[in-house]
Amino acid sequence: MRVAVTGASGMLGRALIPALRTAGGSVLALARADADVTRIQDLRDRFAAFRPDWVFHLAAFTRVNDCETQEALANLVNQQGAANTAKAAAEVGAAVLMVSTDYVFDGRAKQPYRESDTPDPVNAYGRSKLAGEVATREANPRHMIVRTAWLYGRGGRSFPDTLRAQARAGRPLRVVNDQRGSPTWTEDLAPALVRLASSGRFGTFHCTNSGDCAWFGFAQHLVERCGLSVAVEPVASDALGIPAVPRPLYSVLSNRLYEQVTGHQMPSWRDAADRYLTSLAPAPSPATDGS
């Protein structure tokens, strides 16, 4: 399988490219400097030369607060960029996999969202990603849209890393307790995307680490596993004194369709967090014989 990846230098891209190569894929990794998704000719030139079977579209403007104040830019990257990628892929006969978000939902549900549930985003980021989903479906009939949530991993801004840094600096930890979702490690999501692309199925899928928690519960788990002696205070979102960008209070996604199609169950968020923390531990020094 020949796969082109947009947004290859991002957090998910850094996990996905090794996963694709492990699966035997030939990969064209495209960072923004290699191909700007807002310029379709950049993509056409790259795809025409590489002739991919699949294009994995990861490039996105994901800073939620900035999307709210720069909605035109969010739409340019997340809607037009998705449309350009899907269209350029279709022109060379490639299927497209677009990574989307739990933020396409309003957060009023009481049980995990399924793919058939009606999206209703509450902020500019969610609106721009939903528009990207629509544009992808319209531009390429051989499409796969994968919604995920609460990503963390190496190579990007990460909640676990920020939390650990604040704790070690002795800063108070006040974490929201009224937003619920499924923390998802990029190293678990990446091979899941490969499984989905290999399934021969198209359409919309949800994929996160299994189980759910509030950000406060995630923080408590991380602090405990890291052995940090610091208290974590639960607070409401509106008590943090930061610009109030609406966020879905409940954005848990159901993995049921993913499991049916791939025959694989995603690891729990707790197990994923533990493995992520283990991966950050420094390697032990080589033993010496004292000579």
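In this predicted model, the largest nonpolar core comprises 30 residues, of which Val 5, Leu 16, Leu 20, Trp 54, Phe 56, Leu 97 and Leu 193 touch the most other members. Two or more residues are given to this core by each of the elements β1, α1, β3, β4, β5 (143–148), α7 and α9 (256–262). The most is contributed by α7, which supplies seven residues. A further core of 23 residues lies apart from this one, and includes Ala 149, Trp 150, Val 175 and Val 235.

Helix α1, which spans residues 11–22, has as its buried residues Met 11, Leu 12, Gly 13, Ala 15, Leu 16, Ile 17, Ala 19 and Leu 20. The cover over these residues includes the strands β1 (2–6), β2 (26–30), β3 (54–57), β4 (95–101) and β6 (151–152), together with helix α7 (186–198). Leu 16 illustrates this setting: when residues up to four places away in sequence are not counted, Leu 16 touches Val 5, Phe 56, Leu 58, Ala 190, Leu 193 and Val 194. Just after α1, a positive phi of about 90 degrees is found at Gly 24.

The packing of helices was then examined. Two packed helices are described by the angle between their axes and the distance between the axes. For α1 and α7, the axes come within 8 Å and cross at roughly 50 degrees, and α1 is therefore oblique to α7. The crossing of these two helices is right-handed. On the side of α1, the contact is made by Met 11, Leu 12, Ala 15, Leu 16, Ala 19 and Leu 20. On the side of α7, Thr 186, Glu 187, Leu 189, Ala 190, Pro 191, Leu 193 and Val 194 take part. By class, the residues in the contact of α1 with α7 are eleven nonpolar, one polar and one charged.

A second pair is formed by α2 (residues 40–50) and α4 (residues 71–91), which pack at an angle of about 30 degrees with their axes 9 Å apart. The crossing of α2 and α4 is right-handed. Here Ile 40, Leu 43, Arg 44 and Phe 47 of α2 meet Asn 84, Thr 85, Lys 87, Ala 88, Ala 89 and Glu 91 of α4. The contact of α2 with α4 divides into five nonpolar, two polar and three charged residues.

The passage of α6 across α8 is right-handed. From α6, the residues Phe 159, Pro 160, Leu 163 and Arg 164 meet Trp 215, Phe 218, Ala 219, Leu 222, Val 223 and Cys 226 from α8. Nine nonpolar residues and one charged residue make up the contact of α6 with α8, with no polar residues.

Individual loop residues were also considered. Asn 140 is placed in the loop between α5 (124–139) and β5. Because its relative accessibility is 2%, Asn 140 counts as buried, the cut-off for a buried residue being under 20%. With neighbours within four places in sequence left aside, Asn 140 is in contact with Ala 86, Ala 89, Ala 90, Ala 94, Ala 95 and Val 96.

Most residues other than glycine have a negative phi. Arg 51, although not a glycine, has a positive phi of about 55 degrees. Arg 51 is found in the loop between α2 and β3. With a relative accessible area of 46%, Arg 51 is partly exposed, since this class lies between the limits of 20% and 50%. Trp 150 is likewise not a glycine and has a positive phi, of about 50 degrees. The location of Trp 150 is the loop between β5 and β6. Trp 150 has a relative accessible area of 9% and is therefore buried. Trp 150 is also among the members of the core of 23 residues.

Note on methods:
Residues numbered from 1 in each chain as written. Predicted model: local features only at pLDDT ≥ 70, side-chain atom pairs only at ≥ 80, totals over all residues. Heavy atoms only, no water. Buried < 20%, exposed > 50% of the residue type's maximum accessible area, 1.4 Å probe, protein only. Helix = DSSP H or I, 4+ residues; strand = E, 2+ residues; numbered from the N terminus. Contact = heavy atoms within 4.5 Å. Core = buried A, V, L, I, M, F, W, Y, C linked by side-chain atoms within 4.5 Å. Axes fitted to C-alpha atoms, helices over the stretch in contact; angles between N-to-C directions. Left-handed = near helix turned anticlockwise from the far one by under 90°. Nonpolar A, V, L, I, M, F, W, Y, C, P; charged D, E, K, R; others polar. Parallel < 35°, antiparallel > 145°, perpendicular 65-115°, else oblique.
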